[in-house]
Amino acid sequence: MKKKVNKRVIPFFGLSMGVTVTMLSLVVLIPLASLIIYTSKLSFSEIIATITAPRVVASYKVSFITAFIASLINAVMGVILAWVLVRYKFPCKRILDGIIELPFALPTAVAGIALTSLTADNGLVGKFFAKFGISIAYTKVGITVALVFIGIPFVVRAVQPILEKLDSTYEEAAGVLGASRVKIFWKIIFPEIFPSVLTGFGLAFGRCLGEYGSIVFIAGNKPFETEITPLIIMSKLQEFDYSSATAIALVMLIVSFLVLFLVNLVQIHNTKILKGGR
């Protein structure tokens, strides 16, 4: 018997692989290599002194903490938004579905100015909280709000397709057996969407770490308080100190890579469990 040969939609593996490697090199590998090249102009002691300077370390804390908190909020709210968009029918549903992607299309500087004007003490939203002595703009809270805005689409778009393909038979069977809605969600639905939630969290976290445009206005940029790492990198570039800028950027890159790597490991482990593996 003749073996069935699977035809490829795109023929010529060598050609398609060459195009893939070329594009990957131009878009990812060469820019990353330039970071290492510029950083290598500094000695090891200079690199350590640059990335551990008190002002830089303070900016790490602001960037990492606000990005992590915003990503957690996005993970929760993203699941809720995806659930509503998939499981319910209501007027203007398509409009709401399109609005989710607004942070992708809206220039980040415009988003930053709009959020700052809204959350300032004399703004529409900030005025209400100012009555209770709570300031949003020019604080870490304001930074977190901006990061939630730009990160929410990553979680929604990661979870939404999984919910759409989820078989409702298991939910109905669990309901017939007397399981509550809360138990059905945590025991049946959540394990299925957990890998996609992690994906959305990782993507949102990486995006939040590198965000600049929407934060620079609302942060206030107070050294040791609300100054973010991307702003320090921009300051170094404006001073033509490319080596220091790339050294700090390399730290952010390594952290982002480690986060995404760990998220992928958890995803792989969880997928094996769902498929009945060890």
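Helices α1 (13–39), α10, α11 (229–238) and α12 (242–274) each supply at least two residues of the lining of the second largest pocket. The model is predicted: local features need pLDDT of at least 70, side-chain atom pairs count only at pLDDT 80 or more, and totals for chains, interfaces and linings use all residues. Residues are numbered from 1 along each chain as its sequence is written, and side-chain values use heavy atoms, with hydrogens and water left out. Helices are DSSP runs of H or I with at least four residues, numbered from the N terminus.

**Second largest pocket**

- The second largest pocket has a volume of about 270 Å³; a pocket is an open set of points on a 1 Å grid over the protein atoms alone, where a 1.4 Å probe fits, with protein on both sides within 12 Å along at least five of seven lines.
- A volume is the space filled by probe spheres set on the points, which are joined across faces, edges and corners.
- Of its 16 lining residues, Gly210, Ile233, Ala249, Met252 and Leu253 are the closest to the centre; a lining residue has an atom within 4 Å of a point.
- Helix α1 gives the largest share of this lining, 5 residues.
- The lining holds 12 nonpolar, 4 polar and no charged residues (nonpolar: Ala, Val, Leu, Ile, Met, Phe, Trp, Tyr, Cys and Pro; charged: Asp, Glu, Lys and Arg; polar: the others, Gly among them).

**Largest pocket**

- The volume of the largest pocket is about 390 Å³.
- It is lined by 13 residues, of which Trp83, Arg87, Glu171, Arg181 and Ile189 are the closest to its centre.
- Two or more lining residues come from each of α3 (54–87), α9 (169–176) and α10 (181–210), and α3 has the largest share, 5 residues.
- Its lining divides into 8 nonpolar, 1 polar and 4 charged residues.

**Salt bridges**

- The whole structure contains 5 salt bridges (a side-chain nitrogen of Lys or Arg within 4 Å of a carboxyl oxygen of Asp or Glu).
- Arg55 pairs with Glu227, their closest N and O atoms being 2.7 Å apart. Arg55 lies in helix α3 and Glu227 in the loop between α10 and α11, so the pair ties together parts 172 residues apart in sequence.
- Arg55 is partly exposed at 41% relative accessible area, whereas Glu227 is buried at 4% (buried is under 20%, exposed over 50%, partly exposed in between, with a 1.4 Å probe and protein chains only).
- Asp97 and Arg157 form a salt bridge with closest N and O atoms 2.8 Å apart; Asp97 is in helix α4 (residues 93–99) and Arg157 in helix α8 (residues 140–165), 60 residues apart.
- Asp97, Glu101 and Arg157 are linked in a network of salt bridges.
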